[in-house]
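Please look at the sequence and the model shown below before reading the notes.

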Amino acid sequence: MASSAGLALCGQALVVRGGSRFLAISTATSVFPGHGKHPGFSNRDDGSLFTYDCSAAEKKVQENKGEDGQPVDQGSDTILASTFSKSGSYFALTDDSKRLILFRTKPWQCLSVRSVVRRCTALTFTTSEERVLVADKSGDVYSFSVLEPLGGGRLELGHLSMLLDVALSPDDRFVLTADRDEKIRVSWAAAPHCIESFCLGHTEFVSRILVVPGHPELLLSSSGDCTLRLWEYRSGRQLHCCDLASLQEPTEPQGHKRFAVSRIAFWVQESCVVLLCDCLPVVFVFQLSAYRRQLEFRQQLRFPHRVWDVAFEEERGLWVLQDCREVPLELWRPADGQWQPVPDSTVSQRLCSHLRGSWAMLEGSATVDDGFRGLYKATFDNVSSYLKRKEERLQQRERKRRQSPPPGAQGQNKKMQAGRMALGC
């Protein structure tokens, strides 16, 4: 759903996307070679960079018409979501031209370009890397084969409202889906019509979900209600809830009274959870205590520029993609109990150099609004207006009663006058 710049990282392969393009870079000291021939990508001569442009990818000729019979928007090829498979051998993305594009990463090669029914909001690979699941705006989840890259999609399950995220249990037994109507559903992958549980408690749309790596029974979720929640998802039991709004510093602008988390990332090495919010230049850092089943707030990282995305590299720390041409990519690590930016290294300098050379890809994301603003429930306070109108009617009725004589008074006056006239006669 979000169309701003984003990060995806697996092992030492890092992908930065913006608009219709993405760049694949290696964080290793010795860079990987790029191979393959496809009109949508190119490789630098030194083999250190793979780039791909969705606007040059194959487009299926089809006439899409709306309910009024007029052609609908065909899309701008902007990348909406992307992800690596668990081993990093595959990479997939979806764009707003309703396409699912699959890549092999060792070496980089485009395997297929397939059409999807609706614009997608999230996607994920199965642990076996045999299929990729795609969630769309109409509330459906389709699966596409990885082993048969030209095969069509198969409808797996559906919600009655827009889906915002999809995840799988590490053993591929359960499909977890998060929707706009505050629900997290846990379904059996083999029989998606069989629902294992619901994780209920959020009071706004569920923006992100993450099955905790290394703790296959635990789920993290975030929502437009400004909370981070920890679940035992098979039973639907909530274990812990953190109110993010209460963690804001007093100097925070009052305009951001509600916000949603656009990224949940987990660092296995330190059992660390970081949250990136859609309209705040901060990153929240939590410590997960799996034994106590609790989340402990540790630190709030502040940035002078807009932060587009964050991702953990297990060997190094937290990569932060930000709207800063001089330092578009910054590495953070904990030192003496506090998270701090790592001084410039050879790797970070090389990555930043590549991104500065492709800054046109990212700078368009600076003007992209967050994708969650239109998802909040609209509230109508018609009760107070009704009570106000009722009070006005009662006051008006009381004024009329005071101004007019009481019932029967006018008739009695006429009888008295008639009696006096009769006596006078």
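Buried means under 20% relative accessible area, exposed means over 50%, and partly exposed lies in between, with a 1.4 Å probe and protein chains only. In a regular strand the side chains alternate between the two faces of the sheet. The model is predicted: local features need pLDDT of at least 70, side-chain atom pairs count only at pLDDT 80 or more, and totals for chains, interfaces and linings use all residues. Residues are numbered from 1 along each chain as its sequence is written, and side-chain values use heavy atoms, with hydrogens and water left out.

- Strand β12 covers residues 140–145 and is mostly covered, with 6 of its 6 residues buried.
- Helices (H or I, at least four residues) and strands (E, at least two) are DSSP runs, numbered from the N terminus.
- Strand β11 (residues 131–136) runs antiparallel to β12 and is joined to it by 5 bridges; two strands pair if DSSP finds at least two bridges between them.
- Within this pairing, Leu133 stands opposite Ser143 in β12.
- Strand β13 (residues 154–158) is also antiparallel to β12, and 4 bridges join the two.
- Here Asp140 stands opposite Gly158 in β13.

**Gly139 in the turn**

- A hairpin is formed by β11 and β12 with 3 residues between them, and Gly139 in the turn has a positive phi of about 100°.
- Gly139 counts as buried because its relative accessibility is 0%.
- Leaving aside residues up to four places away in sequence, Gly139 touches Leu157, Gly158, His159, Ser161, Met162 and Leu163; contact means heavy atoms within 4.5 Å.
- Gly139 and Ala178 are 39 residues apart along the chain, and their C-alpha atoms are separated by 9.5 Å.

**The sheet β6-β7-β8-β9**

- Four strands form an open sheet in the order β6-β7-β8-β9, with antiparallel pairing.
- β6 (79–84) and β9 (108–115) stand at the edges with a single partner strand each, so one side of each has no neighbour in the sheet.
- The twist averages 15° from one strand to the next; axes are lines fitted to C-alpha atoms, for helices over the stretch in contact, and angles run from 0 to 180 degrees between N-to-C directions.
- Strand β7 (residues 90–95) pairs with strand β8 (residues 99–105) in the antiparallel sense over 6 bridges.
- In this pair, Tyr90 stands opposite Arg104 in β8.

**The hairpin of β26 and β27**

- Strand β26 (residues 307–313) has 7 of its 7 residues buried, so the rest of the structure largely encloses it.
- β26 pairs with strand β27 (residues 317–322) in the antiparallel sense over 6 bridges, and a hairpin joins the two through 3 residues.
- The bridge partner of Val310 in β27 is Val320.

**Salt bridges**

- Side chains of opposite charge can pair when their charged atoms come close.
- The structure holds 16 salt bridges, a salt bridge being a side-chain nitrogen of Lys or Arg within 4 Å of a carboxyl oxygen of Asp or Glu.
- One of them joins Arg99 and Asp77, whose closest N and O atoms are 3.0 Å apart.
- This pair links distant parts of the chain, 22 residues apart: Arg99 is in strand β8, and Asp77 is in the loop between β5 (49–53) and β6.
- Arg99 and Asp77 are both buried.
- Arg316 forms a salt bridge with Glu313, with the closest N and O atoms 2.9 Å apart, and both residues are buried.
- Glu217, Glu232, Arg237 and Arg293 are linked in a network of salt bridges.

**The chain as a whole**

- The protein chain contains 4 helices and 29 strands.
- Buried residues make up 49% of its 425 residues.
- Of the contacts in the protein chain with a separation of 6 or more, 45% are between residues 24 or more positions apart.
- The accessible surface of the protein chain comes to about 21,200 Å², of which 50% belongs to carbon and sulfur atoms; accessible areas come from the Shrake-Rupley method with a 1.4 Å probe, and for residues only the protein chains shown count as cover.
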